[in-house]
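Subject: Structure for your review

Dear colleague,

Please find below the sequence and structure that I would like to hand over to you. A short account of what was found follows it.

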Amino acid sequence: MAELETRELEYFVTLADELHFGRAAARLSIAQPALSRTIRRIESRLGVPLFLRSSRHVELTPAGEALQEHGRHALNAVGAAVRRARRAGDTRDRLRLVLKPGGDAGLLSAILARYALRPDAHQVDILFSGPADRADFLRDGRADAGLLYAPFDPLDGLAHETLHTEDRVLVVPSGHRLAQRASVRTAELAKETLPRWKGVPGGDGTGPEVADVVQLFQMIAVGRTVGMLPRSLVVPAPAGLVCVPVADAPHSRLVLAWNERDRRPLVASFVAAALEARPAGGDG
């Protein structure tokens, strides 16, 4: 059975992403001839061509496309296993908490204060991420726990507890046709332009791509889009913007999530502290 070393797989995936030997070699900090030799060795071992090459063009074969997809998953799994092993064996472990900037519904200080009172408390490192990858931080071991928003963040493979439930609001410029309304319904937004979130596939947005709520607010202020967000992410609204409740939008939930296979006392203790700090009725 043909086998590939992790380093060889990394070389292949990098070239598959770049489709350019020079750029791939630069990313890997190796010489281009060394990369070429490695790719030829992989193809010889597997018995199939992975790339079609010409003097000006490199493209993947069907076999290469298959190895790119599964090879990336394999590299991610190896990286996650290494990180978890190191963390499990480190008695000076810190807890890493991932969230979006401002994405704590005002609960983070209370959670950290409650956790600090526990006799087994560790230092907590706060990690900020973009709109699409907080769940991935938990799945691959970059973070131990995370504050996520359901139903926007995918929770498959994660254990979670609801900390706060809230309504959603439409964010529009103060001069917008809906700005003075007491509330709106989702059907009234059919002709509005909604943003596209960077790194988030699908969705109904056709407007400008934004990476965070700061960029979203800027695009709303200049009339390029409107936004619908959990209330805690936008209240109080920035100057020039107005929040209008969306009467029939499903409520959003701020959840504390962690990898469902993670049984470490470090994580269990933090979860317990967060639940103790949860406001009355926050899990409704």
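This is a predicted model. Its largest nonpolar core has 22 residues. Those with the most contacts inside this core are Leu97, Ile111, Leu147, Leu163, Leu256 and Phe270. At least two residues of the core are supplied by each of β3 (95–99), α5, β5 (145–150), β12 (252–259) and α8. The largest share, seven residues, comes from α8. As general background, nonpolar side chains in soluble globular proteins tend to be buried together.

Another core, of 18 residues, lies apart from this one, and Tyr11, Phe12, Ile42 and Val58 are among its members.

Two of the helices named above also pack against each other. Helix α5 covers residues 108–116 and helix α8 covers residues 265–277. Their axes are 8 Å apart and form an angle of about 125°. The crossing of α5 past α8 is right-handed.

On the α5 side, the residues that meet α8 are Ala110, Ile111, Leu112, Arg114 and Tyr115. Their counterparts in α8 are Leu266, Ser269, Phe270, Ala273, Ala274, Glu276 and Ala277. By class, this contact has nine nonpolar, one polar and two charged residues.

Which residues does isoleucine 111 touch, leaving aside its neighbours within four places in sequence? Isoleucine 111 is in contact with Leu163, Phe270, Ala274 and Ala277.

Yours sincerely

Terms used. Residues are numbered from 1 along each chain as its sequence is written. This is a predicted model: local features need pLDDT of at least 70, side-chain atom pairs count only at pLDDT 80 or more; totals for chains, interfaces and linings use all residues. Side-chain values use heavy atoms; hydrogens and water are left out. Axes are lines fitted to C-alpha atoms, for helices over the stretch in contact, and angles run from 0 to 180 degrees between N-to-C directions. Helices (H or I, at least four residues) and strands (E, at least two) are DSSP runs, numbered from the N terminus. A crossing is left-handed if the near helix is turned anticlockwise from the far one by less than a right angle, and right-handed if clockwise. Contact means heavy atoms within 4.5 Å. Ala, Val, Leu, Ile, Met, Phe, Trp, Tyr, Cys and Pro count as nonpolar, Asp, Glu, Lys and Arg as charged, and the others, Gly among them, as polar. A nonpolar core is a set of buried Ala, Val, Leu, Ile, Met, Phe, Trp, Tyr and Cys residues joined through side-chain atoms within 4.5 Å. Buried means under 20% relative accessible area, exposed over 50%, partly exposed in between (1.4 Å probe, protein chains only).
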